[in-house]
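Welcome, and please bring the model up in your viewer with the sequence panel beside it. We will walk from the whole chain to single side chains, one selection at a time.

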Amino acid sequence: LTFADGTASASGDFFGTFRDQILSSKLRFNGNFINEISRLTLSEALKADFGGLITFDNIKIGPEGFEPWFFDIAQEDRILTVAGRRENLIDAVIPIELVIANDRSCTITLMSPLPVSGTARGVIVGGDIEASIQIDTLDMEGMESILVIPFFNITSGTARGTLQVSGQLNDPDIYGDLQGRDLLANIEVVPEIIGPFNAKLSFKGKQLLINKTLFRIGEGSVEGEADFTMDHWLPRSYRIDLLTVDAPGIHVRKAFGKVDVDGFAEGSLLVVGDPVSIELSGTLTASDATVIIGDKPPPRDRTNTPV
């Protein structure tokens with residue numbers, strides 16, 4: 001961190017974790033102060049009026065790289081404002097705005113083209129958060145790579161609603177409901193797309209519940225409900241109950257160890273698991289199904305096959 005002639009600059013490396021992968025980035029800050037910095041102590045400088053630019057580049061999540069992010073930052077009368085953009089252009093779209101007042105209250109506004117738009121208002125003190133979040137639009141397709149729900153993955157549709165968040169900033173309790181519309185999903189054992197369907201996503205502390213809903217899957221229908229345990233803002237362990245309601249049931253295609261199943265099934269299925277293990281139980285009646293037990297034969301070598 002350096003100060004000179006009313007200007008300030010800083011640089012460093014940022015490291016963290018995101019979805020069990022290493023998150024890393026280069027971080028730079030360049031700004032200037034309204035008053036001459038030589039007349040201020042460091043603690044006074046942090047309270048002074050200033051403006052500048054924060055740059056995150058060389059962003060990587062695991063092996064995947066991302067474009068730089070830029071944040072315009074300014075402080076005036078002890079009110080801090082941060083506005084983010086994805087291009088270093090003065091007329092670029094600014095999808096993120098953060099305002100922190102001197103009473104430690106803050107407002108965060110998210111806008112298009114981000115996959116979530118809305119406003120969060122609350123207080124962050126000493127690593128704890130107390131906030132109300134109004135979600136105007138949550139684009140499930142845009143959030144698919146972030147909001148991964150184990151086994152039952154929502155891939156498209158929108159949701160909106162209000163959430164209350166309290167507790168530790170990195171692992172808070174969340175309460176409230178999101179109403180999902182025109183949702184599409186997939187399940188690991190079912191090859192067809194599920195939906196479209198509407199569902200209520202209810203947050204109760206460390207739980208995320210998808211209330212009993214009727215899903216259309218191919219030519220059949222399934223009644224299902226789900227219970228997820230939240231950990232650091234994301235769903236982790238889960239319990240999913242499924243019950244077919246009409247013939248021919250649902251198309252199941254799955255390799256269970258050395259048993260390959262491909263066909264239609266009717267009945268009930270309970271799925272319990274977490275990111276590293278899964279357990280299936282229930283009563284299913286298979287029809288029009290192919291079951292292969294044992295190792296699959298190697299693919300036939302066609303290079304010398306006469307025509």
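Accessible areas on this tour come from the Shrake-Rupley method with a 1.4 Å probe, and for residues only the protein chains shown count as cover. By that method the protein chain has an accessible surface of about 18,100 Å², of which 54% belongs to carbon and sulfur atoms. What you are looking at is a predicted model, where local features need pLDDT of at least 70 and side-chain atom pairs count only at pLDDT 80 or more, while totals for chains, interfaces and linings use all residues. Residues are numbered from 1 along each chain as its sequence is written, and side-chain values use heavy atoms, with hydrogens and water left out.

**Stop 1: the whole chain**

Switch to cartoon view. The protein chain contains two helices and 20 strands; these are DSSP runs (helices H or I, at least four residues; strands E, at least two), numbered from the N terminus. Now colour by burial, where buried means under 20% relative accessible area, exposed over 50%, and partly exposed in between (1.4 Å probe, protein chains only). Of the 307 residues in the protein chain, 34% count as buried. For contacts, meaning heavy atoms within 4.5 Å, take pairs at least 6 apart in sequence: 40% of them join residues at least 24 apart.

**Stop 2: the cores**

Which residues have the most contacts inside the largest nonpolar core? Select L138, F152, L178, I194, F197, F203 and I240, and you have them, within a core of 42 residues. A nonpolar core here is a set of buried Ala, Val, Leu, Ile, Met, Phe, Trp, Tyr and Cys residues joined through side-chain atoms within 4.5 Å. Strand β14 (residues 190-205) gives this core its largest share, six residues.

Centre on F197 next. Not counting residues up to four places away in sequence, F197 touches F152, R181, D182, L183, L184, A185, T213, L214 and F215. Then look for a second, separate core of 11 residues, which includes F29, I73, L80 and V82.

**Stop 3: a surface patch**

Show the surface and select I124, L169 and W233. Together they form a nonpolar patch with about 240 Å² of accessible area. Patches are made of residues with over 30% relative accessible area and no salt bridge; like charges are joined within 9 Å, and nonpolar side chains (Val, Leu, Ile, Met, Phe, Trp, Tyr) within 5 Å. W233 sits in the loop between β16 (220-231) and β17 (234-244), and it counts as partly exposed because its relative accessibility is 35%.

**Stop 4**

Move to strand β3 (residues 21-33) and pick S25. Is S25 buried or exposed? With a relative accessible area of 7%, S25 is buried. Its side chain reaches the backbone oxygen of D57 at 3.1 Å, a polar contact (a pair of N or O atoms within 3.5 Å; within protein, one must be able to donate a hydrogen and the other to accept it, and residues adjacent in sequence count only if both atoms are side-chain atoms). Leaving aside neighbours within four places in sequence, S25 is in contact with G12, D13, F14, F56, D57, N58 and I59.

From S25, draw a C-alpha to C-alpha distance to F66: the two are 9.7 Å apart in space and 41 residues apart in sequence. F66 is in strand β5 (residues 64-66) and is partly exposed, at 39% relative accessible area. With neighbours within four places left aside, F66 is in contact with I59 and I61.

**Stop 5: salt bridges**

Side chains of opposite charge can pair when their charged atoms come close. The structure holds five salt bridges, each a side-chain nitrogen of Lys or Arg within 4 Å of a carboxyl oxygen of Asp or Glu.

- **D13 and K26:** their side chains meet at 2.8 Å, N to O. D13 lies in strand β2 (residues 7-18) and K26 in strand β3, so the pair ties together parts 13 residues apart in sequence. D13 is partly exposed at 47%, and K26 is partly exposed at 38%.
- **D173 and K206:** this salt bridge spans 2.6 Å, N to O. The pair links distant parts of the chain, 33 residues apart: D173 is in strand β13 (residues 173-187), and K206 is in the loop between β14 and β15 (207-217). D173 is partly exposed at 25%, as is K206 at 28%.
- **R216 and D246:** the side chains meet at 3.7 Å, N to O. R216 lies in strand β15 and D246 in the loop between β17 and β18 (250-256), so parts 30 residues apart in sequence are tied together. R216 is partly exposed at 40%, and D246 is partly exposed at 28%.
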